Amino acid sequence: MAALLLGAVLLVAQPQLVPSRPAELGQQELLRKAGTLQDDVRDGAAPNGSAQQLPQTIIIGVRKGGTRALLEMLSLHPDVAAAENEVHFFDWEEHYSHGLGWYLSQMPFSWPHQLTVEKTPAYFTSPKVPERVHSMNPSIRLLLILRDPSERVLSDYTQVFYNHMQKRKPYPSIEEFLVRDGRLNVDYKALNRSLYHVHMQNWLRFFPLRHIHIVDGDRLIRDPFPEIQKVERFLKLSPQINASNFYFNKTKGFYCLRDSGRDRCLHESKGRAHPQVDPKLLNKLHEYFHEPNKKFFELVGRTFDWH
């Protein structure tokens, strides 16, 4: 009898992980792969029953495609728990070397029924990332938000330009980056980030297309609700986000969010005006992306309203 009682006490004392959604790889199995189960259980649980979970969904990119807007809109859903900052776990060697235990510690506390989401836009264009994500969880659902490649290049430049301006550092004009010896400078990194078919091929080596939902970033800006409805369906979330959660802010010139009577807009750094570009140079940019865009459309089996 004493032995039975002792066994029962030991069984009760074993720490328990909060289970993830049934459709995803179990959190215990993921953490066992890292060999850090006991430490992560002890560090990741809270007295109120919530816990930190590895993400079941990742917004993988693209940079300047609208990832922050997508995350903020998705966070309107009560069954979504979003990591506040870009984690850069899979693309930064220093972070990746810390292992899944460190990655788990960067996640928000959530309830068992909630979906944990993180976003790091650089994942989409980082060659090592798809295999690393697949190694963690081959059944994970991925969100990719894209916009017109030419517009994305201009947004990419604009962000870096304003970062330099805030630090009172000079920065070359966009023409100096885009043109070299009278031709389009194909070595400009911002151009490479907009070659969507190249990066998508890398992801499709490890994940079937049905695991990657592509959000139309241009449509999300113009009319966000239908795009978010598609995301809800892809993530198998109940339809909780409504058209009333969005309102057009005439001052800012884009949609803001309304959540439980509280209005909020994206940071002022979002939606900045692009630099004026010579129309001839802009046409060169459009021509450059024409064939890559066709390859991308064929790859994903759908088209987008891009130049």
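Student: How many aromatic pairs does the count come to here?

Tutor: Rings of Phe, Tyr and Trp (its six-membered ring) pair if their centres lie within 6.5 Å; planes under 30 degrees apart count as stacked, over 60 as edge-to-face and the rest as tilted. By this rule there are 24 aromatic pairs. In one of them, the centres of Tyr 196 and Trp 306 are 5.5 Å apart with the planes at 65 degrees, so this pair is edge-to-face. The model is predicted: local features need pLDDT of at least 70, side-chain atom pairs count only at pLDDT 80 or more, and totals for chains, interfaces and linings use all residues. Residues are numbered from 1 along each chain as its sequence is written, and side-chain values use heavy atoms, with hydrogens and water left out.

Student: Are Tyr 196 and Trp 306 buried or exposed?

Tutor: Buried means under 20% relative accessible area, exposed over 50%, and partly exposed in between (1.4 Å probe, protein chains only). Tyr 196 is buried at 1%, and Trp 306 is buried at 10%.

Student: Which rings form a cluster?

Tutor: Ring pairs join Phe 89, Phe 90, Tyr 96, Trp 102, Tyr 103 and Tyr 123 into a cluster.

Student: Which charged end sits over the ring of Tyr 247?

Tutor: A charge sits over a ring if NZ of Lys or CZ of Arg is within 6 Å of the ring centre and within 35 degrees of the ring normal. Over Tyr 247 sits the charged end of Arg 258, 4.3 Å from the ring centre. Likewise, Arg 141 lies over the face of Phe 234, at 5.1 Å from the ring centre.
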